[in-house]
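Here are some exercises to work through with the structure open beside you. Try each task before you read its solution.

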Amino acid sequence: MSKPASSALHQALRKSFQTLENNHKVWKDVLDECSPLIVSLGNLAEQSRALSNVQLSNTPLRIFPDLEERLRFKLLQATDTVLGKLNEKMSSLQSVRDTFSNQVSAVSQLYEQNTSSLDLLTVTERSATFPSVADMLEWLQDAERHFRQQFLRRKTLLQLLTADNLSLLESAPERWKSLESPSAEENIADTLCKVSFFMEAQ
Amino acid sequence: MEGESGDITMTSANRKCSAVTGSGRKIKDNTADWHNLILKWEKVNEEGFSTAAKIINIRRCQSEDQLVNKSPSFSSPATAVSAATGGAAELQDACCKLQDIVNKMVAIVTKMESLMTSQRGVQDLEEFQFGPEGRKIPLFHTWNTKQFESTSCFLLDIYSQELKLKQTILQELAHTTTSDLCMVYLSCWLHQPFIHPQTRLTLEALLLETGHRPL
C-alpha cells in the first residue's frame, strides 16, 4: 500500500466533498429562486388564456378598440422577461454542475492513475468514522449524476416553453415541480453527514 | 417657480444647473413634476391592484357561499345571512377604497393636464418673443420648445387613456360574474396596457435633456 497515493486521494476527496457542500447550497438557493418565477409564468399564461376566452367586444371594455392587442403585448413582454430571468438561473445551475463535474472527474482520474498502488483492501477499508474510498467515490458520482440529470431535465423543460404556447406555459409550474427529486437531494444530505468526520480530520 | 419642482432630490448634478431662469426654469420644473407624478402613479397603481384583487376574492367567496346555500344547507339560515352581509360590508369597503384610489389617479392626471397647459404657455410665449419659427438656440442640449410640448402631449394622452380604462374597471369590477373577465380586468390593471415601454424612454429622454439626469 502506498501512503502518498492514498493520502493524496483522501485530500482530493475532501476537497470534492467541500465543493459538493458549497455547490449543493448554491443549487438549492437557485432552485428556490426559480419557483416564484415559474409560478408567475403559470399566472401569465392563465391571464392570456382568460383574455382569449373573453370576447372584449361584448364587455364594457369595448370602448377601447385596441385594448386586446395592447394587453396581449404586455403579457408577452412580461412572459419574455420571466423566461429571460429563468434562463439566467439556468446558467447558474450549469456552472454549479460544471464545477462539480470537473471536481469529480479530477478525483476519478487521480484514482485511476494510482490504481496500481492502491490495492483492494485500501480502497474498501473503512472505519466507524471514515467511509471507504470506494464508497466515497461512488457517492460523488451519484451526486454528480443528480446535478447532471436535474440540469438537463429542467433545461429541456424551459426550452420547450415559448410565450405563444399557452397550454405548455400553463402546465409549466406542475411539470417543474414534478422534476423535483427529494430522494436524490436527501442522498446528498446523507452523504455529507456520512463524510463529516472524514472532512474534519484534515 | 422653484417650489413647483416637487420632491425630486436636489443632487449636486442638478443643483449646478439651478441657475436656469425663465422658460428653461419652467420646463425643467415641469419635467421634474412629470417624473414625480409618474412615480406616484405607479405607487397608486400597485395599491389599486391589491384592492382590486381583494374585491375579486370577496366576490368569489360570496358566489361560493351561494352555491353552498342552495344545496341543503348545514349552516342555519341566520348565520348564512350574517356571513353574506359581512361579505357585503367588506366588499363595500374595498370598493370605496378602490374609488379613492381612482380619485387619486384622477388628481394625478389633472395635474398632468395643468403641466401640459403650462408647457403650451411656454410655447406661446416663445412664439410671441421669437416669431413662429421659435428661438434659434435650444434651451438645453438639442430639443426645441415644440418637442417639449409634443412630449408632454404624448405622456398626457397615455395617462388619460389609462385612467379611462381604470375608471371602466372600477365601474364593472364588482358586478362581473365570469371569472375570465375578472381575470382580464385584473391583468389590465396590473399590466397597464396603454402605458407602453416607450413611455419610460420618453420620460428618461426628458430628464436627460433638461439635465436632471447627468449625460
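**Exercise 1: An aromatic pair in chain A**

F147(A) is buried, its relative accessible area being 1%. Keep in mind that this is a predicted model.

Task: Find out how the rings of W27(A) and F147(A) are arranged, and which parts of the chain they tie together.

Solution: 
- Step 1. Begin with the total: over all chains, the structure holds seven aromatic pairs.
- Step 2. The ring centres of W27(A) and F147(A) are 4.7 Å apart and the planes meet at 50 degrees, so this pair is tilted.
- Step 3. W27(A) sits in helix 1 of chain A and F147(A) in helix 4 (residues 133–160) of chain A, so the pair ties together parts 120 residues apart in sequence.

**Exercise 2: Two helices side by side**

Task: Decide whether helix 1 and helix 2 of chain A are roughly parallel or roughly antiparallel to each other.

Solution: 
- Step 1. The axes of helix 1 (residues 3–53) and helix 2 (residues 67–113) of chain A come within 9 Å and cross at roughly 165 degrees.
- Step 2. Angles over 145 degrees count as roughly antiparallel, and therefore helix 1 and helix 2 of chain A are roughly antiparallel.
- Step 3. The crossing of helix 1 and helix 2 of chain A is left-handed.
- Step 4. The residues of this contact divide into 27 nonpolar, 11 polar and six charged.

**Exercise 3: Cysteines in chain B**

Task: How many disulfides are found over all chains? Then check C96(B) and C188(B).

Solution: 
- Step 1. A search of the whole structure gives zero disulfides.
- Step 2. For C96(B), the nearest cysteine sulfur belongs to C95(B), 7.1 Å away, while a disulfide needs the sulfur atoms within 2.5 Å.
- Step 3. For C188(B), the nearest cysteine sulfur is that of C182(B), 12 Å away, and C188(B) is in no disulfide.
- Step 4. C96(B) is partly exposed at 38% relative accessibility, whereas C188(B) is buried at 0%.

**Exercise 4: A positive phi**

Task: Where is Q192(B) found, and is it buried or exposed?

Solution: 
- Step 1. Most residues other than glycine have a negative phi.
- Step 2. Phi of Q192(B), however, is positive, near 45 degrees.
- Step 3. Q192(B) lies in the loop between helix 5 (179–191) and helix 6 (198–209) of chain B.
- Step 4. With 5% relative accessibility, Q192(B) counts as buried.

How values were computed. Residues are numbered from 1 along each chain as its sequence is written. Chains are lettered from A and ligands numbered from 1 in the order in which they are written. This is a predicted model: local features need pLDDT of at least 70, side-chain atom pairs count only at pLDDT 80 or more; totals for chains, interfaces and linings use all residues. Side-chain values use heavy atoms; hydrogens and water are left out. Axes are lines fitted to C-alpha atoms, for helices over the stretch in contact, and angles run from 0 to 180 degrees between N-to-C directions. Helices (H or I, at least four residues) and strands (E, at least two) are DSSP runs, numbered from the N terminus. Angles under 35 degrees count as roughly parallel, over 145 as roughly antiparallel, 65 to 115 as roughly perpendicular and the rest as oblique. A crossing is left-handed if the near helix is turned anticlockwise from the far one by less than a right angle, and right-handed if clockwise. Ala, Val, Leu, Ile, Met, Phe, Trp, Tyr, Cys and Pro count as nonpolar, Asp, Glu, Lys and Arg as charged, and the others, Gly among them, as polar. Buried means under 20% relative accessible area, exposed over 50%, partly exposed in between (1.4 Å probe, protein chains only). Rings of Phe, Tyr and Trp (its six-membered ring) pair if their centres lie within 6.5 Å; planes under 30 degrees apart count as stacked, over 60 as edge-to-face and the rest as tilted.
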